[in-house]
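User: I'm new to this one and would like a quick tour. Could you walk me through it with a few questions and answers?

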Amino acid sequence: MTDTAGLQKLIAALDLDALPSEEKNELLADVNETIFKKSLVLMIERMSEATRAEFASLMENEASEADLEAFLATKVPGADEAIAEAVETLTDDILAVSEVA
């Protein structure tokens, strides 16, 4: 579940190639965390109550990343679209701020 084209656009918007490697990696980690959180919120909003309860149970039982990905891919309609939407929103926000600055 990734949006490669969107991520490339985001990387270009951040002008990451101009940064030192360590700073670039830190920024990418922050961006990844932001995308993950936004995607998760969007996916939870799209879940039925029963699916939310099942997801909460998985989280409480500390399911593996692979199990969570499989759950989201099979139980959440539009999971891939939620990721793409999160990437697009973040990219648009960054571009809007960049244009103002």
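User: Let's start with a salt bridge: which side chain does E33 meet in one?

Analyst: First, a word on the source: this is a predicted model, where local features need pLDDT of at least 70 and side-chain atom pairs count only at pLDDT 80 or more, while totals for chains, interfaces and linings use all residues. Residues are numbered from 1 along each chain as its sequence is written, and side-chain values use heavy atoms, with hydrogens and water left out. A salt bridge here is a side-chain nitrogen of Lys or Arg within 4 Å of a carboxyl oxygen of Asp or Glu. At 2.8 Å, N to O, the partner of E33 is K37.

User: How far apart along the helix are E33 and K37?

Analyst: Both sit in helix α2, which covers residues 21-46. Helices are DSSP runs of H or I with at least four residues, and strands are runs of E with at least two, numbered from the N terminus. Because E33 and K37 are four residues apart in that helix, their separation is about one helical turn.

User: Is K37 buried, partly exposed or exposed?

Analyst: Buried means under 20% relative accessible area, exposed means over 50%, and partly exposed is in between (1.4 Å probe, protein chains only). E33 has 40% and counts as partly exposed. K37 has a relative accessible area of 47%, so the label is partly exposed.

User: How many aromatic pairs turn up, and is the pair stacked, tilted or edge-to-face?

Analyst: Rings of Phe, Tyr and Trp (its six-membered ring) pair if their centres lie within 6.5 Å; planes under 30 degrees apart count as stacked, over 60 as edge-to-face and the rest as tilted. A search of the whole structure gives one pair. The rings of F55 and F71 have centres 5.8 Å apart and planes at 25 degrees, so this pair is stacked.

User: Which helices does the F55 and F71 pair tie together?

Analyst: The two residues are 16 apart in sequence. F55 is buried at 7% relative accessible area, and F71 is buried too, at 5%. F55 belongs to residues 49-60 and F71 to residues 65-75, so the helices tied together are α3 and α4.

User: How many residues apart in sequence are K75 and E54?

Analyst: K75 lies in helix α4, whereas E54 lies in helix α3. The pair therefore ties together parts whose separation in sequence is 21 residues.

User: And which residue does E49 meet in a salt bridge?

Analyst: Both partners lie in helix α3, three residues apart, about one turn of the helix. The N to O distance is 2.8 Å, and the partner is R52.

User: Last one: what share of the protein's residues is buried?

Analyst: The protein has 101 residues. The buried ones among them, including F55 and F71, make up 26%.
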